[in-house]
Structures are given as structure tokens and as C-alpha cells.
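The stops below follow the chain.

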Amino acid sequence: MTTTAPTNAPFADARALGLAHYAARGVLEHVLARHGSTFQQQVALRAALTADTPQAPDDLVAQVQGSLKADPSDIRATLDELLAKQLLDTDGAHLRPTDAGRELLATVGAESAPISARIWGGIPAEDLAAAGRVLALVAERANAELAALTA
């Protein structure tokens with residue numbers, strides 16, 4: 001199925017980006033809720049899972065904060081929730097995902113994959129490449145502005 005943008009398609013702007021983000025996030029949050037998990041928990045658990053080595057809690061907080069721009073105390077509470085749910089475990093001074101944490105991410109990934117395929121399917125590769133370039137530039141500029149605001 002090939003989808004083409006209507007000729008009256010809106011230009012990409014902050015509102016369009018936000019609406020797309022929250023629509024896609026809403027889908028993922030619905031899947032996560034079936035497993036008693038939250039978006040922030042999933043982001044933190046994925047950060048721990050994809051790290052090359054076990055991460056210290058402060059390193060995970062910094063990584064999640066870089067992604068979500070969330071308050072560090074909220075992220076620390078999220079890590080505590082993941083420890084309480086036995087999705088993360090301590091390894092000395094580091095945190096690592098448990099088998100249950102890995103299984104949760106695999107299950108959520110498997111459940112959300114067909115939905116993602118329907119959402120992203122049929123979008124021409126050149127459109128995805130252009131969108132990727134624009135979104136990377138917007139993220140870079142927004143991160144720079146946020147850094148200036150919080151300096």
C-alpha cells in the first residue's frame with residue numbers, strides 16, 4: 001500500500017510534531033498498560049537493556065533525562081519502581097535488566113510491531129529519510145535551546 005500526502009497537507013511544525021508524537025506514544029502506552037508498565041519505565045528499562053555494560057543509577061538517570069527531559073527525581077522513582085517490580089536488579093553499584101525485564105520489552109515489542117507496521121507502512125522511503133533529517137535537526141536545535149535555558 002503506497003500512501004501519498006494530500007496536496008493540502010500541513011507543513012511540519014511544532015504542533016504537527018507534537019500531535020504525531022502523542023498519537024504514537026498513546027498507542028505504545030496502551031500496550032504498556034496491559035502489562036502494568038509506563039512509558040517512562042519502558043524508556044528506562046530499554047536504556048538499561050541496550051547499554052553495552054551495566055549502568056550506574058546516575059548514568060541511567062542521565063540517559064533517560066537526555067531522552068525524555070524528565071525531572072531526575074522522577075526518573076530515580078521510575079528506577080525504584082523497576083527494581084520493586086524486579087524488572088531491574090542491582091549488580092554491585094550498577095543496574096541491569098532481569099530476565100523478566102527483557103521478557104517485558106520483547107513482549108511489548110512483539111505486540112506493538114504489527115501496529116507500528118500499519119502506522120509506518122506505505123510511507124515512501126524518501127519521505128521517511130526527509131522526515132528523519134528534519135526531525136534530527138529539530139531535536140538538535142531544541143536540545144541546544146533547552147541547554148541555553150537551563151544553563
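Is K69 buried, exposed or partly exposed? K69 is partly exposed, because its relative accessible area is 40%, which falls between the 20% limit for buried and the 50% limit for exposed. Keep in mind that this model is predicted.

**Stop 1: K69.** Select residues 57–68, helix α3, and residues 72–84, helix α4. K69 sits in the loop between the two. Now check the backbone of K69. Its phi is near 60°, a positive value, and the residue is not glycine. Most residues other than glycine have a negative phi.

**Stop 2: Q86.** Move on to the loop that runs between α4 and β1, with β1 spanning 88–91. Select Q86 in that loop. Here, too, phi is positive in a residue other than glycine, with a value near 60° for Q86. Is Q86 buried or exposed? Q86 counts as exposed, because its relative accessibility is 58% and the cut-off is over 50%.

**Stop 3: S112.** Select residues 99–120 to bring up helix α5, then pick S112 within this helix. S112 counts as buried, because its relative accessibility is 14% and buried means under 20%. Show the side chain of S112. Which backbone oxygen lies 2.8 Å from one of its polar atoms? That oxygen belongs to V108.

Methods:
Residues are numbered from 1 along each chain as its sequence is written. This is a predicted model: local features need pLDDT of at least 70, side-chain atom pairs count only at pLDDT 80 or more; totals for chains, interfaces and linings use all residues. Side-chain values use heavy atoms; hydrogens and water are left out. Helices (H or I, at least four residues) and strands (E, at least two) are DSSP runs, numbered from the N terminus. Buried means under 20% relative accessible area, exposed over 50%, partly exposed in between (1.4 Å probe, protein chains only). A polar contact is a pair of N or O atoms within 3.5 Å; within protein, one must be able to donate a hydrogen and the other to accept it, and residues adjacent in sequence count only if both atoms are side-chain atoms.
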